[in-house]
Each structure stands twice: as C-alpha cells, then as structure tokens.
Amino acid sequence: MSWWPLAGVALVIVGFALRFNPVLVVVVSGIATGLIAGLAPLELLALIGESFVKARYLMILVLLLPIVGLLERNGLREQAQALIGRMRRVTTTRLLLGYLAVRQLTSSLGLNSLGGHPQTVRPLLAPMAEAAAAREHGALDPARREKLLALCAATDNVGLFFGEDVFFAFGGVLLMQAFLAENGIELEAWRIALWGIPTAIGAFLIHAVRVHWFARRALRPKGPA
Amino acid sequence: MTGLSPLYWLIAALFATAAWRAARARENARRASTALFWALLAIVFAAGDWMPHAVTGALVVLVALIAGFGGVRGAARTPLDPARRAASVARLGNRLFLPALLVPLVTVALAVLGRQFIDAQQASLLALATGCAVALAVGCAMLREHPRVAVREAHGLLDALGWALVLPLVLAMLGAVFTKAGVGDVVARLVGMGIPVGNAFACVAAYALGMAAFTIVMGNAFAAFPVMTAGVALPLLVGRHGAEPGSLVALGMLSGYCGTLLTPMAANFNIVPAALLELQDKNAVIRMQVATALPLLALNVALMYFIAFR
C-alpha cells in the first residue's frame, strides 16, 4: 500500500486554505486522485458521472425555492418578525433553544424533514431570531446579523445530527447494524440507537450554553449603550 | 431509472428556465457562461439515467469548471416591492404561514405513509416534492399569484446559491474517487500507527478522534464509519479490550457527526445554508459550530470510555 492517495487529501486542504473556489479545488483533487490511483481518463469520467447521477437527490432543495421565494415576495419574513415582535416573552435564547429542542425530538422520531435550511431556517427561524434580537438589543449591524443567521443554521444542524441517530429505523443506525452483522455481531437496532441519547442530551446542553452566551455577549452592541 | 426520475425532470425543468432567463439577461457580463452552466445542469439532471456515465462525467467536469472559475453570476435582482408585502401582510396576517407549514406537514405525513410501501429515502424525497407542490398550489391560490412568478422568485434564490449549489454534488463525486483510490485504508493505517494498543483509553480516543478527523476529510460520517470501525474499533476495542459493540459504534458515529459540523466538505449542511442565508462569509456556519462540536467531541470520548466498558 502506498501513501499516494493522500495527495488528493493534501490538495483539498491546501486548496481550501488558499481560498481557491471550493468547487474547483474539489474537482481538481478528484481528477488528480483518480489519475494517481491509475484510473484511465474515460474510466475516471464514468466514475464521476455515475457518482453524480447517484447524488442528484442532494439537489432536492431547489424544489422548495419557488414557494419560499413566492412567500418572501409576499411578506412572510415581515409577518414572522411581526409575530415575534408581539410575543415579548420570546427572547433570542428561548426561540433558538425551543427550535433546537423541537428539531431534536422530531428527528429522534424519524421526522427529519420537519425542519431544514430552506424549509424552516431561511423563511421562518432566521427572521424570527432577527426580530427577537432587535427587540432585545436594537437593530443589528451587518456583522452581528450575519453571526446570528449563522447561529440559526448551526442550531438546525445540531438539532438534526444529534436527534436522528436516536431513531432506531434511521438509515445511519441500520448502516451500523448491518456493518456489525457482516462482522459477526448480531444486535437489535434499538440497542445501538439507545446510546445516541447521552450525546443528544450533551449536545443540547452544550449548545444551550453557547446560545445563551451568544445572546448575552455577542449580540450586545459594542461600547457603552 | 429510478422511481425518483420525475423529480429530477422537475429539477431539470427549473434549471432549464434558469438557463433561458440567464441567456436573455443582457446586462450580465457573464451571460453566456451562466446560461451554459444552468443548461448543462438541466441536461445532466434530465438525462443522467440513460446517458453513458462517461458523458455525464465530462459534462459535470465542465459544469464544475464554469462554477469554479466564477462563470456563474446572478442577474440583477428586482428588489421586493414593499407595498405589495405590506398589503399581503395586512390582508393575510398569520395565514401567510400556512403554505410554509404545509411543506413539512405534508412531507412528514406522506413520508411516514410511504415508508410502508417503498424505500424510506425514496419515500421522504417524493414526499418532500409533493409537499412543495401542494404548498405552491395553496400559496398561488391564496396570494393570487401566477406560478410563473414563483419560478421567477426561485431564479433569484438560485442566483444567490450560485456555485455553492453544485458543491455537494462534486463532493459526492470526490468521495467516490477517494474510495476507489483507497484513501480510507491509508487514513485508517495512519490512525492505527500511533496508538498504544494496550491502553484502552488511547484506543477509545483514537477511534472517536479518528472518526471525526476522517469525517472532516470525507465530509461524511457514513464514509468514515466502515473504515475506522473495521480498522480500529473491532480489532482493538471489541477484540482486544472487550468493549460492548452497540454503544461503541453508536458513539463512534456521533463522534463522526462532530467532524461533520467542522468541515466545508459537508457542504450541504455547512456551505449551502450560508449561501442560502446570503452570508458574506461562506464558512460562517462552520465558525459558529466549532465551539459546540469540540466540547461535544470531548464528551463523546468520555462517554465512549465509560459506556462501552460499563
């Protein structure tokens, strides 16, 4: 076995570090890795084509864009902001942690597509968080607004990742079960999924501290108010 | 040919309209390459099932090169009309949420129902597409808008996504090439080299951190899992130290998920959302996740040690 396959990984790291366009970095690394591994050019193109065709489902999010765009054109964000503006008890922290809890619980029941970046984060969560933050701290400058929106997206990811693995029929759990079975270890799926619970609780607590800290410190305008 | 082909045709149709619009946007300095980008995407989505894979591959490389050299530029966006928004907010109020909530509700209901008959992943994708269609129909009726307007608004959002849209797809391609080239075996050997195999805690740390590191490289914990589990977890932790396999692999996978939070290679979770929220810094979401992912990874190492050896 040679170390050459790592050249592709190195290309990716260097390319990302030097801030070349990520798509370009990935394609160049893919071609280089394939050629180093001794694939013929046509064989490599076929491999690229086949994996692309299989991965097309990742692009499903574009089907959400027409309805999201239509609703935004008609004031969905404004209405989301108005709704939160009236609910004085909903602070940025409570909103984000409520969302995190619901996202984790529903994902752990296998209801993954109840949330997501195009479905809920951009049209609903982000404008609501902006409204809550604006009520607490006044209008946000672009830098703080960008951080808040990034935190909304991060919260969705944390909720999904550390919820879905608790669902016993989740694809990832079945993958682990099948892999163990191949290696002669037979286990029911729930005996794997069960052990996702401690990390799920830990993820909620850690992220809760972060959100709380963020809402207290990072959102506050700089200098004396 | 899969049961999902109609979905891909729909997506292809949306891309085709984006290509048509881009071709007519005279003010766009990158008009030709932008139109070509959307047109080629439309072709590979519509014809991917029957085109020879090598042809698809060549077109994909072309798409990636156009995107990678900055050939995709959005047309000037017509700003949203504040009067129109105020009017519909005044008329509909909270009813505006209805179509937005219909998407997840219809999706979840149909996905749960569909799971009884077809593969769960296919069911959830078809359910999501149906949810979008239902919400769009209700939305158009409620807002008294033509579906054409919705497509035009979608073009604006596609422009905002730009190259980030194809990043998850080219990363899937890179994953396939890495697998074929045996990157996994090399990484597993690299991780395996430095472990004091007699020390159970060192083996636990190597498995958890190895899962995270490999996931950072591949962008996908599922790709890291078989390699690290076969290379480290089964021979050393289960075989040599007698760890309980169920909890061990569950916590191993979750350590990989901590890696997912840290890497631009997991573009559909980290880079695409940044583009979708129109953030200046495409790594802003990852930056926000670092301080959650690292303590959680440390917690996972501890949990793995105490639970798998309980």
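## Extent of the interface

Buried area is the accessible area (1.4 Å probe) that two parts lose on being put together, summed over both. Between chain B and chain A it is about 10800 Å². Carbon and sulfur atoms give 80% of that area. In chain B, Phe97(B), Leu277(B) and Met288(B) lose the most area to chain A. Together they account for 6% of what that side buries.

This is a predicted model: local features need pLDDT of at least 70, side-chain atom pairs count only at pLDDT 80 or more, and totals for chains, interfaces and linings use all residues. Residues are numbered from 1 along each chain as its sequence is written, and side-chain values use heavy atoms, without hydrogens and water.

## Residues and polar links

Contact (heavy atoms within 4.5 Å) joins 133 residues of chain B to 109 residues of chain A. The chain B side comprises 95 nonpolar, 22 polar and 16 charged residues. Here Ala, Val, Leu, Ile, Met, Phe, Trp, Tyr, Cys and Pro count as nonpolar, Asp, Glu, Lys and Arg as charged, and the others, Gly among them, as polar.

Four salt bridges link chain B and chain A. A salt bridge is a side-chain nitrogen of Lys or Arg within 4 Å of a carboxyl oxygen of Asp or Glu. Arg85(B) forms one with Glu78(A), with the closest N and O atoms 2.4 Å apart.

## A helix pair

Helix α9 (residues 171-182) of chain A meets helix α11 (residues 221-240) of chain B, their axes coming within 11 Å and crossing at roughly 35°. Axes are lines fitted to C-alpha atoms, for helices over the stretch in contact, and angles run from 0 to 180 degrees between N-to-C directions. Helices are DSSP runs (H or I, at least four residues), numbered from the N terminus.

Among the contact residues are Phe179(A) of α9(A) and Phe225(B) of α11(B). The contact has nine nonpolar residues, two polar and no charged.

Note on methods. Chains lettered and ligands numbered in written order. Helix = DSSP H or I, 4+ residues; strand = E, 2+ residues; numbered from the N terminus.
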